[in-house]
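Me: I am new to this structure and would like to learn how to read it. Could you walk me through a few features?

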Amino acid sequence: MKRRNIGWKKLILVMLLAVVLVSQSSALSSIGDIYAEQAGDTAASAVENEQAESAVEGDAGDQAAADDAASEQADAGATNSTEQVDAAASDAAGGTEQADAAASDATGSTEQAPATDGSVAIGGAAVPVGGEVTLSKVTATTEVLSNDKFKLFIDEATGNVRVVSKQSGTEWLGAPQVPSTLPPNNKKFVDSPLHLRYTEGSDITTTYSLKDSTTTTSYKVEGDQVVLDINFGAEGIAVQMIYTLTDRGLQLDIPFESIVESGSARLTSLEPLPFFNGALETDEGAMLIPDGSGALLNFRTNHEQYLKGYSEYIYGNDTTFISHTHDMLSAEGKRGNTIRESIALPVFGIYRNGVGSMTIVQDGQYEAKINANPAGIRAIPVYRSAVEFMYRKNDIIFIGNSGMIPYFQGTMIAGDRSAQYVLLEKEEANYVGMAKAYRSYLQEEQGVTPVADQAPNLSLKLFGGILREEIIGDTFIKLTTFKQAEEIIESLKGLGVGNIVATYEGWTKNGVYGAQPQHKVARQLGGKSGLKKLTAFTEEQGVPLYLRANYVKPFEATGKYSERKDAVRGMDRELLVATMYWPSDRWTKNYLTFHYLKPEQALNKYLKKQVDDLAALGIDGLQLQYMGELIYSDEDKASITDRSVAANAWIESMRLVKEEVGSVAVEYGNAYALGLVDRIEDVPLFHSNYIYTDEAVPFYQLVVHGLVPYYAGPINLREDAEVEYLKAIEYGALPSAELTGELSSKLHRTAETRLFSSYAGDWTAQIAEEYAELLPLYDAIAGQQMTNHEYLAPKVFRTSYANGTAVIVNYSNEAVTVDGVTVDSMNYTWSKG
């Protein structure tokens with residue numbers, strides 16, 4: 001009897017739990033619907049609203065309102081100052097985007113649970129078991145433009161577009177066809193030609209042009225353009241998008257003068273055509289992300305449930321905004337972001353089932369992000385990538401004891417925005433075809449021409465000296481004198497390294513991290529007379545000599561510049577201070593600090609006044625440190641500038657050096673440097689290994705090889721010697737070495753402990769041996785366009801060049817045979833055309 005009672009109790013308990021779960025499901029669904037519509041109005045507390053009104057800049061220098069907000073926040077209990085920055089200063093869409101996703105799916109679940117009607121969920125959309133997926137109809141059916149190659153159709157209700165090839169009939173959809181079971185809110189999200197982000201003070205909210213009836217969309221055809229007017233009524237923001245057909249595909253323009261803010265909302269970013277050529281999970285293809293050398297995200301139905309995708313600034317984060325470059329902040333210190341590659345080329349692409357598109361970000365590229373989302377995010381089964389144009393950026397400021405306060409730029413970043421969608425099909429619809437198309441664009445529209453002298457050589461970096469701080473005073477540590485530099489070059493020449501280009505670093509007063517941006521020759525290394533002897537020697541030996549110069553990031557303790565007049569400021573209007581980081585935990589080394597120079601001051605006050613003296617030293621070129629990899633803005637109230645000012649100053653600096661000195665080199669090689677520089681050091685050879693990317697590809701190298709010589713990292717500083725050696729061969733990167741005339745142990749207790757093994761006596765023989773082995777290959781591919789890159793087998797790749805030369809690299813643990821040729825494990829082979 002007891003057992004029977006216990007059984008009935010269990011049964012009743014199970015039934016009660018079932019009732020509760022059903023009730024909760026309905027409640028969650030209702031709450032989701034309500035939250036989706038009102039998240040921006042109800043999510044913030046009264047304290048946050050008061051802070052919001054004070055945190056948006058009116059007069060950037062007026063701190064009174066911010067102080068009031070800080071007091072309110074302190075009374076309410078400030079957020080712990082070491083909270084993750086993403087939570088405190090959201091740079092992406094706030095809670096409303098996720099709320100919309102929850103509201104659009106009645107279950108509110110991110111799991112792919114079986115549906116009750118016998119269907120299964122694929123990427124959040126229910127699909128009948130055993131049947132074909134029914135896709136939504138194409139709605140862009142009104143023809144509005146036509147040229148020799150393409151027709152443009154528009155959806156009169158949404159403003160989204162469809163481009164059709166006249167020759168093949170291939171279609172590129174602005175709004176992809178999605179499963180017909182996709183929830184209505186998500187369907188509107190996909191069909192919207194414009195996603196908009198705005199702030200009313202404390203956070204960023206996402207909306208889209210089809211979200212509600214308060215937004216109106218209309219279009220008109222004006223000559224060879226379609227002008228789309230979108231008015232977000234609830235937010236009081238109006239914007240115009242212009243479509244034009246070109247020989248390459250579709251041109252999109254957003255005139256800055258068309259943007260109107262008539263309410264309290266302030267525009268932070270625009271993401272036009274966010275689903276252009278989007279792909280379903282069942283499509284065959286991949287997204288190209290320009291992360292480092294390039295990365296692919298392959299399409300598949302079986303994948304993890306990602307919470308967020310890729311969203312990074314073109315040319316890297318803006319260092320002026322501390323929350324962009326750090327993931328944890330406090331008043332005492334900052335933790336840097338995880339080490340990652342940046343975007344060197346302003347392009348991205350997607351290809352599916354032989355239909356490809358590559359987007360080139362043009363106007364506004366210096367203040368833009370590239371977004372790439374895997375399928376499943378927001379319960380939408382579509383892979384998509386788009387450009388996000390930034391109009392206001394935000395950061396964190398600290399005031400008193402109030403903790404972190406989000407702060408937004410008051411004035412929009414000015415300038416038109418534009419992007420070109422290059423349409424590809426069939427055999428060109430892949431990352432190789434995209435690279436060829438972008439290379440063609442650079443040469444035909446940007447005037448980039450190949451560097452004349454591309455004979456293969458060894459890049460020899462020589463480290464001069466550095467200051468070491470002592471208990472009393474400083475000591476100048478000599479690592480390579482000018483005389484020792486001659487001896488190292490002579491030694492390499494004697495070992496058969498016949499073609500060398502040398503770059504001297506730390507040659508100025510106080511060495512590396514010394515008296516920059518002044519560039520006076522260090523007397524401890526041999527003085528000006530010793531440097532002139534070195535230049536005479538290198539000329540005699542046929543070795544071009546570059547000097548590395550720093551006009552961007554001087555060391556605060558020993559730099560010779562005016563902090564007040566020359567250094568940039570952050571959002572708090574204080575001098576922006578950068579530091580080095582502890583490699584173990586990425587927290588700041590607050591005793592090693594730098595400033596960033598105002599770009600126009602760097603050019604006009606320093607470089608222009610020194611360039612004649614530098615040329616008089618008899619050198620062959622100048623390597624402009626940081627200018628090929630770093631651009632930033634300035635929040636100095638007296639001269640607020642965006643990142644385009646830095647990019648243009650660096651471009652002018654490269655032109656000046658090329659004209660007055662002869663040759664110019666940079667590191668990393670951002671796109672704005674192409675066509676100006678003669679060499680690129682430390683070119684990106686890897687990607688950042690984000691969890692959603694599948695493999696690195698040499699997209700950068702497919703574009704650049706044969707236009708300008710580029711070099712891998714130093715042979716003597718490799719972390720994984722075998723892999724980095726093979727990667728340089730696979731990607732066609734020339735060899736380099738960074739050597740010193742003294743033991744690197746002398747660098748202990750200095751800021752340059754990265755040079756863990758640099759003594760020339762230990763390395764010249766190995767460098768000469770590697771150079772001799774690779775020279776025939778590099779002779780064969782010198783100045784040649786890289787025309788193909790293929791995956792042959794797991795960890796086996798082939799790279800091909802215009803003259804028929806082919807290189808096969810095997811990273812696997814076993815030998816492989818390709819076309820009758822066996823390649824040993826962790827080895828390579830190559831053949832002439």
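Predicted model: local features only at pLDDT ≥ 70, side-chain atom pairs only at ≥ 80, totals over all residues.

Me: How many bridges join β3 to β4?

Reply: Four bridges link β3 with β4 (residues 150–154), and the two run antiparallel. To find one of them, look at serine 146, whose bridge partner in β4 is lysine 151.

Me: And the hairpin? What lies between β33 and β34?

Reply: Six residues separate these two strands, and in the turn arginine 586 has a positive phi of about 70°. Strand β33 (residues 578–581) pairs with β34 in the antiparallel sense over four bridges. Threonine 579, for instance, stands opposite threonine 593 in β34.

Me: Is β34 mostly covered or mostly open?

Reply: Start with the general idea: side chains in a regular strand alternate between the two faces of the sheet. Here, strand β34 (residues 588–594) is mostly covered, with five of its seven residues buried.

Me: Why is glutamine 484 called buried?

Reply: Because its relative accessible area is 14%, and buried means under 20%. Glutamine 484 belongs to helix α9 (residues 482–494). Leaving out residues up to four places away in sequence, glutamine 484 touches Leu479, Gly741 and Glu742.

How values were computed
Residues numbered from 1 in each chain as written. Heavy atoms only, no water. Pairing = 2+ DSSP bridges. Buried < 20%, exposed > 50% of the residue type's maximum accessible area, 1.4 Å probe, protein only. Contact = heavy atoms within 4.5 Å.
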